[in-house]
Amino acid sequence: MTMLKEGRPTAPVPVKEAHMAPQTATGNRALMLEEALIFEIGSTATTGVDFAPAPQVASRLGTLARTDSIGLPGLSEQETVRHYTRLSRQNYAIDLGLFPLGSCTMKHNPRLNEKVARMPGFGDIHPLQPQSTVQGALAVIDELAHWLITLTGMHAVAMSPKAGAHGELCGLLAIRSALEARGDARSVVLVPESAHGTNPATAAFCGYKVEDIPATPEGRVDLAALKARLGPDVAAVMITNPNTCGLFEREMKTISDAVHAAGAFVYCDGANFNAIVGRVRPGDLGVDAMHINLHKTFSTPHGGGGPGSGPVVLSQALAPFAPLPFVEKQGDQFVLIEEETAGDHHAGTFGRMVAFHGQMGMFTRALTYILSHGADGLRQVAEDAVLNANYILRSLDDVLDAPFGFSGPCMHEALFSDKGLAEGFTTLDIAKGLIDEGFHPMTMYFPLVVHGAMLVEPTETESKAALDQFIMALRSLAQRAKAGDEALKGAPYHAPRRRLDETLAARKPVLTWSELDLAQAAE
Amino acid sequence: MSRYFTEEHEWIDVAGDIATIGITEYAQEQLGDIVFVELPNEGATFDKGDDAAVVESVKAASDVYAPISGEVVEANSALEDEPALVNSDAEEDGWFFKLRIADASELEGLMDEATYKKFVASL
Amino acid sequence: MRYLPLTATDRQDMLSVIGATSIDDLFIDVPAEARLAEKIAGLPDHASELAVERHMGRLAAKNLSAGAAPFFLGAGAYKHHVPASVDHLIQRGEFLTAYTPYQPEIAQGTLQVLFEFQTQVARLLGCDVANASMYDGSTACWEAIGMARRITKRGKALLSSGLHPHYVSVANTMAKFTGDALVHEAPTLDAATDIDALIGAIDKDTSCVVVQYPDILGRIADLTPLADAAHAAGALLVAVVTEPVALGAIKAPGAMGADIVVGEGQSIGVGLQFGGPYLGLFACKQKYVRQMPGRLCGETLDAAGKRGFVLTLSTREQHIRREKATSNICTNSGLCALAFSIHMTLLGEAGLRELAMLNHGLAVQAADRLAQVPGVKLVNDSFFNEFTLVLAKDARDVVRNLADKGILGGVSLGRLFPDATAIGNGLVVAVTETVTAEDIEILAKALEEELA
């Protein structure tokens with residue numbers, strides 16, 4: 001017989017110690033490619049864009065022509081595509097896997113939304129075009145506003161705030177304006193100790209003194225303490241509901257009634273609206289103002305940290321003070337009410353918060369999302385989000401401490417603590433271990449009312465199989481941390497970078513690139 | 001020279017009418033790696049309890065209160081370039097600022113070292 | 001429902017793991033009177049992708065898009081050609097669907113981009129440092145005024161009459177609540193800016209002077225004397241740039257002594273999108289960095305000694321300082337910053353200068369041609385890619401009539417300054433590389449008809 005032995009060996013040699021991944025000359029690891037900074041690979045003479053020649057004219061720049069070197073490197077198109085493609089691969093993202101960041105609602109971002117936002121009729125219109133040429137855009141704002149009001153059971157909505165914290169600002173400015181309009185100067189805003197850090201920051205910006213309201217051992221607002229503190233100096237109470245412990249504030253209506261009886265307003269942080277959309281209307285609970293993070297509940301992409309969008313729904317009492325501009329339907333025309341036209345019937349407005357009309361690119365995406373889901377889909381969103389979170393809570397509460405697990409079901413996020421981990425093991429170790437397991441960590445060390453908090457929000461767009469794999473991974477990590485597995489403290493091992501030195505970064509801030517390398521800067 | 005301590009974990013060395021103020025060894029341990037110290041300007045005057053300085057770790061910013069009233073005569077400029085001094089030598093080279101004491105009677109309520117040690121042990 | 005993966009069987013299995021009999025058991029903490037028994041009234045049930053796209057497409061078709069008409073609008077938002085690769089890259093899921101980089105080991109892509117962005121912005125604006133972006137130019141402008149107050153401990157800001165009126169409106173709104181005193185008047189239709197008047201108005205209570213460059217009428221002026229005067233009085237100079245492409249052609253505000261330079265970055269990489277999302281640029285001198293609002297990315301090392309990037313100096317921010325934060329801003333404009341940075345990388349310095357001179361050349365041609373139209377007078381003696389015309393009649397009517405003819409001819413000062421009737425005949429015209437010689441001719445002819 002003939003023995004053909006040419007060609008490649010088809011059975012791999014078993015990996016021995018000597019075959020463990022050696023260092024490569026480039027620092028690359030196959031598909032994991034290191035990428036230098038544009039300042040190190042580009043040049044100021046290189047460009048990836050061609051232009052028609054500029055007309056030869058006498059300059060009208062006066063004496064101000066820029067003659068210095070700006071120091072902006074360029075890359076050819078292919079180099080540019082590679083640079084950013086390589087960098088993108090160093091990011092975790094929803095598109096890669098489960099991203100259970102509590103309070104952030106990292107749900108799937110439907111691609112139809114992207115396509116719609118890029119239609120020339122939405123993506124390529126100028127904010128100051130004559131209104132006759134943007135009737136479709138104004139219709140989008142009006143239609144989205146209508147559904148936001150309907151879903152929340154409120155009276156009006158301010159569409160222009162650019163993000164959640166900006167929406168908080170809008171709500172509190174409306175509250176302060178309403179109080180001033182009735183000649184009632186008040187100085188204090190009450191905030192539960194479990195609140196998002198933006199709440200006290202916003203209240204302080206609006207000129208209010210911030211006072212904490214304690215939580216009950218059950219993780220909810222202490223109603224008795226709140227009632228005791230209410231008085232003629234309290235302007236508003238800022239409450240997150242469902243709260244940051246993942247629990248619904250059962251006494252919300254009682255709280256609202258007490259706040260209103262004391263002449264104050266209820267601001268609700270709507271970051272966690274995903275848990276109740278289509279099932280509960282905040283308006284029915286006595287809320288006066290609530291921002292809606294379109295980038296959470298309504299799936300506009302987080303984009304690595306914005307842009308967000310934070311429309312604020314308002315009660316009848318606050319609606320007259322809403323910011324400019326807004327859209328009104330007059331006959332069969334949509335009209336943008338700006339400074340000029342506000343005087344007729346909206347004289348109470350506290351003014352303008354942004355240059356133009358808000359995050360139109362997010363409005364088109366959010367409206368597309370609402371229409372795609374419809375009334376049945378949105379209700380299912382809340383139900384599945386809450387179901388997924390409770391499934392995680394009950395699948396792990398035997399290995400991880402669930403500080404409020406005793407008090408009943410959670411809403412859309414499950415809260416665990418570091419209680420019971422071996423001496424010296426922390427929430428951070430579990431989080432970094434999750435990275436090696438191929439998951440984004442949960443929110444860590446928030447809310448502050450729980451020691452070593454781990455806040456897990458799976459969202460409704462995760463399948464049972466994805467949840468089961470996550471539960472398996474977190475269970476394994478919890479067991480390792482309880483057993484004192486030292487290796488966990490070195491995690492992550494498989495990410496593009498090991499743990500980063502935040503102290504060095506803060507002590508010797510290097511915020512821009514310069515020819516000095518880091519070693520020199522650190523000396 | 002005598003050294004006093006406060007329940008806010010500041011130490012005060014008194015020499016004549018000048019008080020040197022810093023945070024205690026216990027405080028720096030609790031704060032972790034100090035990355036920045038914001039110091040008061042010379043000439044600033046404080047009442048007892050005023051915010052006088054800010055000490056920052058990566059994750060937290062803590063206010064340092066004036067333990068007694070007085071006028072700032074010097075701030076420790078070494079901390080601007082080397083905030084880590086607070087970690088390595090909190091109770092000597094890592095001092096924050098010196099005050100000209102406005103009212104020496106305010107020192108009376110403060111703790112001595114032994115009392116402070118007991119106080120810390122009780123935390 | 002195409003976005004929801006759980007099956008009825010899954011739900012049943014999961015409920016039994018939880019120990020619940022129905023989904024209602026999980027909503028038990030919601031008081032009965034607040035639970036909706038039925039679906040939200042009036043909203044149809046879920047719809048196919050095709051149906052939704054059709055509905056949205058119909059609404060989009062009711063708008064006249066900038067690319068479908070001779071287009072001359074600016075005043076804070078500019079139409080530039082965005083290379084195809086920019087939108088392709090920002091739609092990579094690893095950028096689009098990532099969160100704020102709080103876990104730096106798996107967010108080095110976003111973080112390195114922010115570090116590069118900060119460096120690009122600082123260099124473009126002529127400053128030492130820049131942050132990772134703000135909501136938009138108007139909010140960045142207000143934040144700069146607040147920062148100047150914190151630094152100088154003074155509460156009076158002088159706003160140039162050439163500052164975008166919407167930026168003034170935003171600052172006025174905020175100042176009502178913070179107690180800052182803002183001094184501002186509407187502009188006049190002169191070739192010279194109000195720099196001399198501003199210099200005269202600076203006093204010992206002034207925290208900062210805020211000046212736009214090029215200004216709302218497109219005028220450009222040397223900021224050096226203003227910076228000197230501000231500094232002599234212990235005040236800061238805040239410069240506002242709404243058209244960053246200009247800085248490929250004209251001196252950077254930082255190089256003229258501005259302490260804080262803010263701007264609207266939309267021009268580079270970000271589409272018009274009816275006003276948002278846009279990109280607030282924020283840069284300043286090194287010595288003020290700890291008073292700067294917004295996120296910052298910094299360089300560091302990982303446990304294995306490799307270079308990496310993290311968010312840093314976060315003790316300035318709301319989630320740590322709570323009521324003592326420099327600002328309540330939580331989100332930046334990450335994806336827009338990415339688009340800006342990619343576009344700027346494609347351009348490079350050579351490309352940016354070429355783009356700027358192309359804009360300027362076309363704008364000069366347009367200004368000269370339009371100034372020949374009877375009843376039209378050019379206000380500016382200096383400009384970059386935007387200038388102001390005085391028409392023989394109210395510019396708002398002219399703009400509306402032009403729109404009826406399918407021409408988007410500019411922004412009327414009546415729209416921008418409804419209370420300043422004296423400048424109602426002013427028309428601000430922007431000319432970028434997207435404008436053709438034919439477009440200029442169409443606008444000139446149409447203006448001739450309108451003003452005849």
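1. The sheet in chain B. Three strands form an open sheet in the order E4-E6-E7 (chain B), with antiparallel pairing; strands pair here if DSSP finds at least two bridges between them. Strand E4 (34-38) and strand E7 (61-65) of chain B sit at the edges, each pairing on one side only. Neighbouring strands of this sheet are turned by 25° against each other on average, direction ignored. Strand numbers count from the N terminus along DSSP runs (E, at least two residues, for strands; H or I, at least four, for helices).

2. What the model is. This is a predicted model, with local features needing pLDDT of at least 70 and side-chain atom pairs pLDDT 80 or more, while totals for chains, interfaces and linings use all residues. Residues are numbered from 1 along each chain as its sequence is written, chains are lettered from A and ligands numbered from 1 in the order written, and side-chain values use heavy atoms, without hydrogens and water.

3. One strand pair up close. Strand E6 (residues 51-57) of chain B pairs with E7(B) in the antiparallel sense over five bridges. Within E7(B), Ala61(B) is the residue that stands opposite Glu56(B).

4. A helix pair in chain A. Helix H6 (residues 164-181) and helix H7 (residues 198-205) of chain A pack at about 45°, their axes 9 Å apart; axes are lines fitted to C-alpha atoms over the stretch in contact, and angles run from 0 to 180 degrees between N-to-C directions. That makes H6(A) oblique to H7(A) (under 35 degrees is roughly parallel, over 145 roughly antiparallel, 65 to 115 roughly perpendicular, the rest oblique).

5. The second largest cavity. Its volume is about 70 Å³, the space filled by probe spheres set on grid points joined across faces, edges and corners. A cavity is a set of points on a 1 Å grid over the protein atoms alone where a 1.4 Å probe fits but cannot get out, and lining residues have an atom within 4 Å of a point. The lining includes Gly303(A) and Gly304(A), along with Phe95(C) and Thr110(C). Helix H5 (108-125) and helix H11 (334-371) of chain C each supply at least two lining residues.

6. Most residues other than glycine have a negative phi, and most peptide bonds are trans. The Gly306(A) to Pro307(A) bond is cis, with omega near 0°, and Pro307(A) is in the loop between strand E6 (289-291) and strand E7 (312-314) of chain A. Tyr213(C) and Pro214(C) are also joined by a cis bond, omega about -15°. Ala75(C), not a glycine, has a positive phi of about 55°.

Definitions and conventions
1 Å grid on protein atoms, 1.4 Å probe; cavity = no way out; pocket = protein on both sides within 12 Å on 5 of 7 lines; lining within 4 Å.
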